[in-house]
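Biologist: Could you walk me through this structure, please? I would like to go through it one piece at a time.

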Amino acid sequence: MVDIRALPGRQRLMMVFKGQVTETELARAEQELAEALPNLGPTFDMISDVSAAEKLSAPVIERIRGMGELIVAAGLRTHVRVV
């Protein structure tokens, strides 16, 4: 599971990964991310929680890297990862 939340008032993006993350779930998450990023303003902070995620497959890792590139291009200022 991937949960994406934009908190525009706090200029924060939250991404939570739980259990086995599939490519199908990531396709939905990419869409949610594309909708959330314009609401955050020119710079924002991000918290990614991977503490409850299972090991990721190579294709899933590649899709997450692509999402990361979108996030950086949108104005990522600080990234905190919870493991």
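Biologist: Is Gln11 buried, partly exposed or exposed?

Modeller: A word on the ground rules: this is a predicted model, local features need pLDDT of at least 70, side-chain atom pairs count only at pLDDT 80 or more, and totals for chains, interfaces and linings use all residues. Residues are numbered from 1 along each chain as its sequence is written, and side-chain values use heavy atoms, leaving out hydrogens and water. Buried means under 20% relative accessible area, exposed over 50%, and partly exposed in between, with a 1.4 Å probe and protein chains only. Gln11 has 24% relative accessibility, so this residue counts as partly exposed.

Biologist: Thanks! Where does Gln11 lie, and what is its phi?

Modeller: Gln11 lies in the loop between strand S1 (2–7) and strand S2 (12–19); strands (E, at least two residues) and helices (H or I, at least four) are DSSP runs, numbered from the N terminus. Most residues other than glycine have a negative phi. Gln11 is not a glycine, yet its phi is positive, at about 50 degrees.

Biologist: Let's step back to the whole chain. In what order do the elements run from the N terminus on?

Modeller: The secondary structure of the protein chain comes to two helices and four strands. Read from the N terminus on, the order is β-β-α-β-α-β.

Biologist: What is the radius of gyration of the protein chain?

Modeller: The C-alpha atoms fill a box of roughly 30 × 20 × 15 Å, taken along the principal axes. The radius of gyration is taken over C-alpha atoms, and the globule rule is 2.2 Å times the number of residues to the power 0.38. For 83 residues a compact globule would come out near 12 Å, and the value for the protein chain agrees: 12 Å.

Biologist: Which share of the contacts with a separation of 6 or more comes from residues 24 or more positions apart?

Modeller: Contact means heavy atoms within 4.5 Å. Among contacts in the protein chain with a separation of 6 or more, the share from residues 24 or more positions apart is 81%.

Biologist: Is Ile71 buried or exposed?

Modeller: Ile71 is found in helix H2. Not counting residues up to four places away in sequence, its contacts include Leu13, Met15, Leu33 and Phe44. With 3% relative accessibility, Ile71 counts as buried.

Biologist: What relative accessible area does Leu13 have?

Modeller: Leu13 has its place in strand S2. Leaving out residues up to four places away in sequence, Leu13 touches Ile4, Leu33, Met46 and Ile71, among others. Leu13 is buried, and its relative accessible area is 0%.

Biologist: How far apart are the C-alpha atoms of Gln20 and Glu54?

Modeller: Gln20 is found in the loop between S2 and H1, and at 40% relative accessibility Gln20 counts as partly exposed. Glu54 is one of the residues that Gln20 touches. The two are 34 residues apart along the chain, and their C-alpha atoms are separated by 5.2 Å.

Biologist: Last one: is Ser48 buried or exposed?

Modeller: Ser48 is found in strand S3 (residues 44–53). Leaving aside neighbours within four places in sequence, Ser48 is in contact with Met15, His79, Val80, Arg81 and Val82. At 5% relative accessibility, Ser48 counts as buried.
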